[in-house]
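Please keep the structure open beside the text as you read.

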Amino acid sequence: EKGGYEHFMLKEIHEQPKAVQDTIGAYLKGNQIDFSEIGLEDEELASIERFYIIGCGSAYHVAMAAKYVLEDMTQIPVEIDIASEFRYRNPILVKNSLVVIISQSGETADSLAALRLAKEKGAAVLGIVNVVGSSIARESDYTLYTYAGPEISVATTKAYSTQLVAMYLVAMRTAQIRGLLSDEDCEKMIAELQTLPKKIQKILDDKERIQWFASKYANAKDMFFLGRGLDYAISLEGSLKMKEISYIHSEAYAAGELKHGTISLIEDNTLVVGILTQSNLYEKTVSNMVEVKSRGAYLMGLTTYGNYSIEDNADFSVYVPKTDPHFATSLAIIPLQLLGYYVSVAKGLDVDKPRNLAKSVTVE
Ligand code: F6R
């Protein structure tokens, strides 16, 4: 049932190249992104004046990554919210809003309540859902299914990855329709998107290095994940993976925010993971890494091939293949999933069923 893997989580981590490929393939017609089968017509995308993207946990982390990508590509303002916050804050939905609800299970109580509230307020709802026929899938105006297949492990991996690519497709198509992305550039981006499965596989092929590092740091008490922009969104997800399955206290910080308080927690040998996939922010984040390093942190740097100067500061460096910077989250998250997984294994924990957690949170 686990296909020869020790845990569902490891199996699902390895299913990501296929899950990503299947999700991209489902919404391509020739070399065009096509949402007509889900009823989401170009006119609808052309008229959007604001996106609201809502989810819980990892789905919220996808929303954050999507905000950076969507705003940069479409120039449309994007608000993101944790579903349990959105539903109780009497949100203002401006006209021509598209509310995007992201959910693997399609049954998360707070996300479903957020969907119903958005509809009550007259907004159109796009559900990004993995489980076919689930409540969120049924109640959304448009349902964009992800093709991750069944996800058993409580900690999400492949569903998260498919949600990301679904959001890239929405951003690309919207930008194209609005004339912000030429047909030619869109085709180039699609071609790059289609290289992600291979690039993810390449990272997976190198997993022993992460395993070695994880066993070395399995007894850490605290961990910090730092990044800016999209790398901050990745930090949140990497940190959640670590907390939920390894029971290590971990925090994700926008790198520039660190010195406003949290840096006082850094002491000799505190493990800090710096994430630097965005070349325009590289030097900025490096300077934050220098700050934590000088306070004794043990530093893991996660960046793209070519940025070898990271080794001037990092004690351990992990490289992922280059891609369009908008897609970098899809690659950088893989080593962090593996890190959480292997720390949990090294500690002998119940990886697939961490304490106190349920796969689908159907009560608020
Ligand atoms: C973390 C995790 C959770 C879910 C969250 C939302 O690994 O799995 O944070 O992402 O409970 O669940 P769905 O996507 O089913 O709404």
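This is a predicted model: local features need pLDDT of at least 70, side-chain atom pairs count only at pLDDT 80 or more; totals for chains, interfaces and linings use all residues.

The count of disulfides comes to zero, where a disulfide is a pair of cysteine sulfur atoms within 2.5 Å.

Residues are numbered from 1 along each chain as its sequence is written, and side-chain values use heavy atoms, with hydrogens and water left out.

Now to an open sheet, whose five strands follow the order 4-3-5-6-7 with parallel pairing. Strand 4 (78–82) and strand 7 (142–145) are the edge strands, each pairing on one side only. From one strand to the next, the twist averages 20 degrees. Helices (H or I, at least four residues) and strands (E, at least two) are DSSP runs, numbered from the N terminus, and two strands pair if DSSP finds at least two bridges between them.

Within this sheet, strand 5 (residues 97–103) and strand 6 (residues 124–129) run parallel and are joined by six bridges, with Leu-98 standing opposite Ala-124. Helix 6 (residues 109–120) packs on the sheet and touches strand 3 (50–55), strand 5 and strand 6; its direction makes about 165 degrees with that of strand 5. Contact means heavy atoms within 4.5 Å, and axes are lines fitted to C-alpha atoms, for helices over the stretch in contact, with angles from 0 to 180 degrees between N-to-C directions.

Strand 6 also pairs with strand 7 in the parallel sense, over four bridges, and Leu-126 stands opposite Tyr-142 there. Although strand 7 is an edge strand, both its faces are covered: Tyr-142 and Leu-144 on one side, and Thr-143 and Tyr-145 on the other, are all buried.

Another open sheet has five strands in the order 9-8-10-11-12, again with parallel pairing. Strand 9 (249–254) and strand 12 (316–320) each have a single partner strand, so one side of each is left without a neighbour in the sheet. Neighbouring strands are turned by 15 degrees against each other on average, direction ignored. Five bridges join strand 11 to strand 12 in parallel, and Leu-302 has Val-318 as its bridge partner. Helix 14 (residues 328–346) packs on this sheet, touching strand 8 (222–227), strand 10 (271–276), strand 11 and strand 12, and its direction makes about 145 degrees with that of strand 11.

Finally, the aromatic rings: the whole structure holds 11 aromatic pairs. Rings of Phe, Tyr and Trp (its six-membered ring) pair if their centres lie within 6.5 Å; planes under 30 degrees apart count as stacked, over 60 as edge-to-face and the rest as tilted. Phe-213 and Tyr-298 are stacked, at 6.2 Å centre to centre with 25 degrees between the planes. Phe-213 lies in helix 11 (residues 207–217) and Tyr-298 in strand 11 (residues 298–304), so the pair ties together parts that are 85 residues apart in sequence.

Key
Buried means under 20% relative accessible area, exposed over 50%, partly exposed in between (1.4 Å probe, protein chains only).
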